Amino acid sequence: MSRTGLGLAALAVLPLGFLVVFFAWPVGAILRLGFVDGGVLDALTEGETWRLAWFTVAQAAGSTLLAVVAGMPVAYLLARVRLPGVGIMRTLVLVPFVLPTVVVGLAFRALWTDGGWASIILANAFFNVAVVGRTVAGLWALLDSRAEDAARALGASRWRAFRSVTLPALMPAITSAAAVVFLFCATSFGVVLILGGARYRTLETEIYLRTENLLDLTGAAALSLVQIAAVLAALLLGAAARRRRESALRLRSRRETARRPAGGEWLVVGAALAVLGLLLTPIVALLMRSVSTGDGWSLDGYRALSSTGNDGTLQVSGWEAALNSLRTATDATVLAMIIGVAASVLLVALRRSPGRLARGMGESMDAALMLPLGVSAVTVGFGYLVTLDALPGDLRRSPLLVPLAQALVVIPLVVRTVLPVVRSIDDRLRQAAATLGASPGRVWREIDVPLTARAVIAAAGFGYVVALGEFGATSFLARPQTPTLPVAIAALIARPGQLNNQMAYAACALLMLVTAAAVIVIDRLASGRVGEF
Amino acid sequence: MRFRTGVLVGLVAALTAGCTLAGNTGNNGPSTVTLVTHDSFAAPQQVLDAFKQQTGITINVVKKGDAGALTNTLVLTKANPIGDAAFGVDSTFASRALSEGVFAPYTSPEADRGPQRYAVDSEHRLSAVDLGDVCVNVDTTWFAGHGIPEPATYDDLVKPEYRDLLVVENPATSSPGLAFLLGTIARYGEQNWQSYWTQLRDNGVRAVAGWEEAYGQDFSGSSGKGPRPIVVSYASSPAAEIGDNGKPRTKALLDTCFRQVEYAGVLAGSPNAANAQKVIDFLLSQQFQATVADNMYVYPAREGVALPTSWTTAAPLPQNPASLPAETVGAGRERWIEQWRSLLGQ
């Protein structure tokens, strides 16, 4: 094996090892438990299974479409517009993403009681507009606007210039974001459960029901297989779309490309502001609830944050839960960054390599890294219970289990954010540097690092936020001594009494505040001198 | 610029180091008993500390979802249990835990002070800790304001004057929902419960996924101030809804209750069984039993434990609740849920 080959293999150990130990093995073990009883084939051929699959894919596709349509103007606003307040909007747009699904589900129910499937799609899109907005903006801000200006100078309309110059260049980011959103929506659990009442069911809610309640592991295994197949199909479609669009781009810094909108661009800005306004509606409703009581306004909920809730609902105070959230998310993010960046570099190297085999490996690994987003948190959680005791020290009892599970969700997002940027670096820059005598290490330091630093920091920020808001696996694995904020909120809302309820909504406000603070700090890092040139 | 970058990286690293869980290890010594329980478990820290003072045992609480999720977790991990004792397997799921051999036999010396009345198992693998009866709750203010008499029985709920007033939970996704379904089966029998539910459906019952939506959002008597004045909740819920005048705003209908008993036991295969047994004794002790009403909204299984004063008027223990034998529930649960789902068109 050549030196680069060895290097790549070493790089592959970390992501692949992590994926095998913390994903493939536990999920495989649970599926195997379902298979030993037989009957998986019967469950697969039931009409009910396919109705569930159809509804799952349809609602996820609808939600993704809505999130992309609503997210594009937001991306434009964040990437290309120089107006006061855009910085705040960069932060605000991420806030919905961390809210516990139970809270958002209840907020949408309060606004629209019998919304049915339409409210499921709206709520899913509500969560994911940020994914589209920030992912696409990340690339858009770096895109050289001169090609578009040239098209305009040659007489193309704004729309035409966008469609034939900018949009194709943005496609890798759009499809990346859409793939992630699709997976989030396909496995969306709390929203479907609450807004679907008992009428609308998806593969995810049914897997949960069969595993957690009925202990029908055979039925759950069959549904999990369908879920994995659907997710793989979606990933392959996404990969095919990305492959066609791939090209090297000239990346610039945002300072050169952002400017005041003019003429018809104000329409797009207006659309973006409308989307942001809609995103804020449930949030405002939620803040209102945190200060309203049966007879007027009160800050009791906020004061209660320093307590453990009415009659010891929690084992720790709201503040301590917030601290736990920060700690857990830090661990998860550090872990996910190391693994995600290693995986991105590896994937790009594999795709650039001349061999067909290497390229095929790259494609498979890309899909494998995304898969955890599309597999039920219940499956992974129960998988941990039946496997991880085999690791030294019975990892099932370790406080690190939560960050490990969260990292599984964050890694795909890191890869999807970093990869498009690493890919779009013009290889000729590297060749030029090498021709001028730079060592491979120096090429990496002078070309790759500065060009990707922003994307890497942005990925870390986004990953951090995802970890802060992660609920599915966290609620399953968190220990009551160290609940995260979303887990604490769900516990508070599950108890009677006005104070618990108010405290739950106050804790939501705290979670949003913590998120906004984290995003501001990280965005500040990203917009510092690092990475700009 | 190099310098500033270095400072920045150093700063981030320093912040990160103080901000991690690494280094916190779980305490797994023999003096620690891991108690696996459901999400609703709550106990005052002073009582747990007092137990530690007396026995030297630290209780490490691990929560695993609701009673169903808890039971299934115990079943799936029985080869290598994740704890030493478990609390919260209820009468609905007891038969599954027993037939899967999750628990080891243990007769607590405290068990004959009342818990024995709810014994499910001749081998004494499960000890009753508390009763969490599920009853229909009504918003008394709403009924007074509308000049409609409050309903009292299951039969009342299908009468036209209570049309579109009741909200229930889906028995597939909610344990009070399941208890209410079992209550109707206990009342009307295997033969007739479906026709009762058809009448409920025709009378505009709303079925939602969980207690949070039903009680917190749709029920008019909670802080959510929803549109419906009748909800399936717990016998104890009115104790949490006491107004400024000291009177409860809601009431449980004591003729619509279904008894759910919550059990504790020593997990088979625990290397720490002797100490786990002491934890079971503790859960049945006067000391702990006196806390369950305030902390978990359930009734103590032990005799002679006083309820909080507000409970005696707002939330007395139902005297004649319905119940079904654990084996009957174990055998019928899934079939009934499926039938309920197709009946309600859901």
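Mentor: Let's start with domains, whose bounds come from an automatic or database domain assignment. What you see above is a predicted model, in which local features need pLDDT of at least 70 and side-chain atom pairs count only at pLDDT 80 or more, while totals for chains, interfaces and linings use all residues. Residues are numbered from 1 along each chain as its sequence is written, with chains lettered from A and ligands numbered from 1 in the order in which they are written.

Trainee: Which domains does the assignment give for chain B?

Mentor: Domain 1 of chain B covers 32–131 + 259–314, and domain 2 covers 134–258 + 320–343. Their C-alpha centres lie 27 Å apart. Domain 1 of chain B gives 16 residues to the contact and domain 2 gives 19; residues are in contact if their C-beta atoms, placed from the backbone, lie within 7 Å.

Trainee: Which elements give two or more residues to the side of domain 1 of chain B that touches domain 2?

Mentor: Look for helix H3 (67–76), helix H4 (94–99) and helix H11 (309–314) of chain B. Helices (H or I, at least four residues) and strands (E, at least two) are DSSP runs, numbered from the N terminus. Chain B has twelve helices and twelve strands.

Trainee: How do I read a pair of packed helices?

Mentor: Two packed helices are described by the angle between their axes and the distance between the axes. In chain B, the axes of H6 (residues 175–202) and H12 (residues 326–343) come within 11 Å and cross at roughly 5 degrees. Axes are lines fitted to C-alpha atoms, for helices over the stretch in contact, and angles run from 0 to 180 degrees between N-to-C directions. H6(B) and H12(B) are therefore roughly parallel to each other (angles under 35 degrees). Residues making this contact include Leu181(B) and Trp197(B) of H6(B), and Trp336(B) and Trp340(B) of H12(B).

Trainee: Is Tyr297(B) buried or exposed?

Mentor: Tyr297(B) counts as buried because it has 24 C-beta neighbours inside 10 Å. The cut-offs are 20 or more other C-beta atoms within 10 Å for buried, 12 or fewer for exposed, and partly exposed in between, with C-beta atoms placed from the backbone. Tyr297(B) sits in the loop between helix H10 (292–296) and strand E12 (299–300) of chain B, and has a positive phi of about 55 degrees although it is not a glycine.

Trainee: And where is Asp164(B)?

Mentor: Asp164(B) is in the loop between helix H5 (140–146) and strand E7 (166–169) of chain B. Its phi is near 60 degrees, again positive in a residue other than glycine. Asp164(B) counts as exposed, with 12 C-beta neighbours inside 10 Å. Across chain B, buried residues make up 52% of the 346 residues.

Technical notes: Angles under 35 degrees count as roughly parallel, over 145 as roughly antiparallel, 65 to 115 as roughly perpendicular and the rest as oblique. Two residues are in contact if their C-beta atoms, placed from the backbone, lie within 7 Å.
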